[in-house]
Amino acid sequence: MATVCYDEILKYAAGKEILDIGSCGNQGEETKTKTLFTLLKERAKSVTGVDIESDSPEILQGNAENIHLNTKFELVVAGDVIEHLHNPGQFLDNMHRHLQPNGYLILVTPNVKSPAYLLFRGNKFHTCWYCRHTLRYLVEQHGFKVERVTTGIRRRKNVFHDLMRSAVA
């Protein structure tokens with residue numbers, strides 16, 4: 001069973017050439033047996049995975065802010081990545097260069113104004129926090145047209161672990 005977030009992403013994946021950024025991080029959570037990267041591979045024409053800490057032969061190691069792949073994709077997926085970057089504007093410009101004309105970028109990030117995010121007090125590894133308005137402004141400033149913003153609740157594998165992490169962070 002996929003998360004609500006995954007379900008939304010997978011609707012766009014069928015038959016497409018996809019660049020998946022943050023492939024090793026599982027985009028926030030793992031389904032019972034499959035990561036988002038694996039689910040995308042099952043549906044897409046092709047998937048190129050990139051992660052800054054990859055040790056997988058299937059996933060390229062690289063920094064999403066400045067990686068150059070010399071190819072363009074129909075869809076770029078960056079799940080739970082943008083809030084970790086040192087230069088999100090440079091990342092967006094780079095992803096724009098990697099998109100085919102009329103391609104799509106899907107970003108997933110915690111909403112800093114959501115009750116769940118406030119309860120868990122964020123994440124010490126986040127360099128920036130976004131709400132729907134700040135994220136929309138940022139992506140529009142870097143040449144993207146926002147077609148849809150979706151919010152939802154993610155099902156977590158281990159809520160108790162998250163509460164404990166929050167309490168000691």
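**Terms and ground rules**

For my notes, buried means under 20% relative accessible area, exposed means over 50%, and partly exposed lies in between, with a 1.4 Å probe and protein chains only. I am looking at a predicted model, where local features need pLDDT of at least 70, side-chain atom pairs count only at pLDDT 80 or more, and totals for chains, interfaces and linings use all residues. Residues are numbered from 1 along each chain as its sequence is written, and side-chain values use heavy atoms, with hydrogens and water left out.

**Cysteines**

Cysteine 128 has 27% relative accessibility, so I put it down as partly exposed. Cysteine 24, at 31%, is partly exposed too. Then I looked for disulfides, meaning pairs of cysteine sulfur atoms within 2.5 Å; the count is 0.

**Whole chain**

I took helices (H or I, at least four residues) and strands (E, at least two) as DSSP runs, numbered from the N terminus. That gives 6 helices and 5 strands, in the pattern α-β-α-β-β-β-α-β-α-α-α along the sequence. Of the 169 residues, 42% count as buried. Contact here means heavy atoms within 4.5 Å. Among contacts with a separation of 6 or more, 70% join residues 24 or more positions apart.

**The sheet**

What is the order of the strands in the sheet? I read E3-E2-E1-E4-E5, an open sheet of 5 strands with parallel pairing; two strands pair if DSSP finds at least two bridges between them. Strand E3 (59-61) and E5 are at the edges with a single partner strand each, so one side of each has no neighbour in the sheet. From one strand to the next, the twist averages 20°.

I then checked E2 (residues 46-51) against E3: they run parallel and are joined by 3 bridges. Valine 50 stands opposite leucine 60 in E3. Helix H2 packs on the sheet, touching E1, E2, E3 and strand E4 (73-79), and its direction makes about 160° with that of E2. H3 also packs on the sheet, touching E1, E4 and E5, at about 140° to the direction of E5. For these angles, axes are lines fitted to C-alpha atoms, for helices over the stretch in contact, and angles run from 0 to 180 degrees between N-to-C directions.

**Two buried residues**

Serine 23 sits in the loop between strand E1 (17-21) and helix H2 (36-43). Its relative accessibility is 2%, so I count serine 23 as buried. Beyond four places in sequence, serine 23 touches Phe37, Gly49, Val50, Asp51 and Ile59.

Methionine 95 is in helix H3 and is buried, at 0% relative accessible area. Leaving aside neighbours within four places, its contacts are Leu19, Ile21, Ala64, Val76, Leu105 and Phe144. I also noted that glutamate 65 is 30 residues from methionine 95 in sequence and 8.2 Å away, C-alpha to C-alpha.

**Helix H5**

Which residues of H5 (residues 132-141) are buried? I found Leu135, Leu138 and Val139. An α-helix has 3.6 residues a turn, so residues three or four places apart point the same way. The buried residues of H5 pack against helix H3 (88-97) and strand E5 (99-108). On the face turned away, I see the exposed His133, Tyr137 and Gln141. Just after H5, glycine 143 takes a positive phi of about 90°.
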